[in-house]
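Keep the sequence at hand as you read.

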Amino acid sequence: MAVETDEKTIDGLCQKLQSYMSHEDIAAVRRAYDFAAKAHQGQTRLSGEPYISHPLAVAYILADLRLDAAAIIAGLLHDVVEDTSVSDSTIVQAFGAEVATLVDGVTKLKRIKFDSREEQQAENLRKMFMAMARDIRVLIIKLADRLHNMRTLKYQSPETQIRKARETLEIFAPLAHRLGINTIKWELEDLSLRYLNPQQYYRIVNLMARKRQEREQYIEGVIDVLREKLAELNLKADVSGRAKHIYSIYRKMVTQHKEFNEIYDLFAIRIIVESIKDCYGALGVVHTMWKPMPGRFKDYIAMPKANMYQSLHTTVIGPNGEPLEIQIRTWEMHQTAEYGIAAHWVYKESGSKRVEDDFAKKLAWFREVLEWQQDFRDAQEFMETLKIDLFSDQVFVFTPKGDVIELPAGSVPIDFAYRIHTDIGNHCIGAKVNGKMVPLDYRLRTGDIVEIITSKHSYGPSWDWLKIVQTSQAKSKIRQWFKREKREENVARGKELVEREVARQKFEPKQLMTPQAMSEVLQKFNFAREEDLFAAVGYGGLGPSQVVTRLVEIFRRNQGEKPPETVTIQKGTAKPAEMGVRVRGVDNILIRFARCCHPVPGDEIVGFVTRGRGVSVHRRDCPNVEAMVDSGARTLEVEWATDKDWSYNAEIEVTAMDRHGLVNEVLNAVAETKTDITAVSARADAKKIAHIHMSIRIRNLDHLRTVVERLKRIKDIYSVRRMIQ
């Protein structure tokens with residue numbers, strides 16, 4: 001989307017709209033402009049221009065996207081409720097409920113400030129998604145608003161320029177990409193780079209200007225040859241060249257460690273044809289004329305991107321021996337590639353069911369965000385999963401039946417399993433990729449054929465899965481399983497964690513956890529009963545410190561009592577060094593290893609002060625203490641003692657195809673690693689899946705890895721995993 005430098009007027013906007021809008025709708029747009037101009041009368045922007053120039057520019061951008069009348073009107077009115085005395089009810093009376101809803105949505109977004117801590121930014125972003133829930137046009141109007149603000153960013157202070165540019169690059173440009181509105185995405189990226197790294201931005205601009213004439217002559221020659229060859233085969237096609245965007249060149253220089261003169265594909269050729277059949281016909285012509293580069297062909301027609309982008313991409317060795325990128329698509333694909341989800345309004349008048357189905361697919365990712373974001377009460381975690389699910393690259397993998405499944409780059413078979421069905425994920429015990437067994441932490445790659453092995457006798461998900469899965473969908477389903485299957489345990493554990501946090505903050509439970517205070521906390525975190533609150537703390541959906549901080553605020557507000565003395569640490573006769581662990585700064589403390597996670601040297605560990613039983617040492621990632629570590633509840637810094645060799649207990653589970661002699665083979669493999677086995681149990685389920693549970697004595701984490709790797713080499717082994725009870 002080129003930056004327009006001519007002065008914008010309402011007459012010019014109406015002329016733009018004539019190509020696709022009725023006279024009645026255009027009259028309503030003109031009336032909205034008059035309304036906004038009157039409301040903003042006397043207001044100016046930092047540039048000194050009348051304020052109405054901004055909403056008019058936003059309406060121009062929306063008109064370029066060919067949005068409907070309601071969106072154009074909302075674009076003109078998007079600031080009147082925020083910056084003038086006009087009320088929501090006035091908008092409803094003057095322009096109807098649909099326009100008022102859009103204006104209200106954008107007004108709420110205007111109140112979101114991204115200039116605070118990342119925690120606050122994440123919480124605000126979550127609110128922004130909820131504001132968009134009723135109508136995706138809210139986000140498109142917001143993107144148009146941000147684009148014009150970026151075009152006029154030179155009037156802001158240097159600090160504001162950098163902050164706005166970073167927000168735009170991290171949040172709004174990826175959102176435009178996810179909606180498929182590349183015309184906005186590219187310009188937002190280029191404008192952001194201009195303020196974040198002006199030296200590189202202007203360097204690339206100058207270098208491109210020097211090579212432009214030479215490259216344009218080369219591209220024009222290629223275009224002429226292509227047009228002639230396509231015409232010979234009666235392929236009606238529009239062939240054009242386009243310059244790469246500045247930010248895409250900058251990214252290539254950074255990620256591929258190249259200098260500008262090493263980048264040859266500064267221009268690309270675009271071929272637009274009438275049908276999908278013609279796309280592949282044109283591809284054949286291109287590959288007949290020039291040799292394709294291996295690994296540089298991508299068929300986004302057969303496998304569209306998440307934002308429904310479709311094209312054939314190929315890179316060939318061109319006439320001068322230089323790489324030449326060529327894109328081939330139909331006119332409808334071109335509309336979607338340029339305008340993304342906004343192209344829906346171009347075609348929706350046809351009433352076609354296919355158009356409506358395509359629109360539903362384009363919004364599928366957004367519905368997923370609204371579904372899983374409810375599971376993240378922690379805004380920081382929401383931000384991290386949002387960046388993975390929405391802003392990361394994608395991989396395309398296949399089911400054994402040939403169905404295409406799209407996942408974020410870095411996804412593992414567990415992500416694939418949960419994308420297919422929740423029950424498949426919950427009962428997953430192993431995976432095959434391209435016919436071969438792989439570990440569950442295998443990183444999937446585009447083109448992989450994935451088969452999930454399940455067992456109805458599976459123990460269910462492991463807490464360790466939360467560390468390796470990439471998709472928020474999988475994380476949410478795993479948490480839901482623990483939430484549902486272990487509710488009583490979660491309630492008890494959550495209550496204990498809250499009480500421990502109360503003690504850590506030097507209070508007694510009876511002081512803080514009064515019925516009145518608990519009722520207020522339940523209302524604060526949207527829970528109906530105390531059991532629901534404690535269960536959420538128990539499965540990690542809510543931190544105990546969040547609950548207790550609120551209880552302390554209520555207590556101090558109502559009573560202001562002083563906190564009692566803190567608890568003391570139990571001393572004992574067992575020396576830390578005799579257990580292989582030292583407590584930093586403290587001697588003569590009773591120490592024991594937690595049986596839930598069996599820590600071994602090499603694991604990150606933490607000490608937890610128990611009541612009357614000294615210090616219990618856990619793995620730092622043990623789910624039983626994770627929440628306590630986060631809140632700092634009665635924890636001590638501990639470290640492994642390296643002056644003696646000690647052996648430690650570890651629990652592992654082997655899952656394999658049941659066959660004669662399997663257990664003996666497993667035991668012999670462990671014996672080869674000179675590892676003692678203290679206990680072993682084995683069973684086979686109805687699907688002939690064997691489950692072998694072993695307790696072994698190991699020296700450290702490297703020793704454990706040796707055992708695991710040796711077991712994985714046994715034929716028919718599906719998985720070997722360390723257990724946490």
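**From core to loops**

Start at L13. Leaving out residues up to four places away in sequence, L13 touches V29, L56, A59, Y60, A63, I72 and L76. This is a predicted model. L13 belongs to the largest nonpolar core, which has 61 residues. With I72, L77 and I184, L13 is among the residues with the most contacts inside that core. In soluble globular proteins, nonpolar side chains tend to be buried together.

Now turn to the surface. K277 sits in helix 14, which covers residues 276-289. Is K277 buried or exposed? K277 counts as exposed because its relative accessibility is 71%, and the cut-off for exposed is over 50%. T330 is 53 residues from K277 in sequence. In space, the C-alpha atoms of K277 and T330 are 9.6 Å apart.

Next, the backbone. Most residues other than glycine have a negative phi. Which values do R66 and D716 take? Phi of R66 is positive, near 60°. R66 is in the loop between helix 3 (53-64) and helix 4 (69-77). R66 has 25% relative accessibility, so it counts as partly exposed. Phi of D716 is also positive, near 75°. The loop that holds D716 runs between helix 31 (701-712) and strand 20 (717-722).

Note on methods. Residues are numbered from 1 along each chain as its sequence is written. This is a predicted model: local features need pLDDT of at least 70, side-chain atom pairs count only at pLDDT 80 or more; totals for chains, interfaces and linings use all residues. Side-chain values use heavy atoms; hydrogens and water are left out. Helices (H or I, at least four residues) and strands (E, at least two) are DSSP runs, numbered from the N terminus. Buried means under 20% relative accessible area, exposed over 50%, partly exposed in between (1.4 Å probe, protein chains only). A nonpolar core is a set of buried Ala, Val, Leu, Ile, Met, Phe, Trp, Tyr and Cys residues joined through side-chain atoms within 4.5 Å. Contact means heavy atoms within 4.5 Å.
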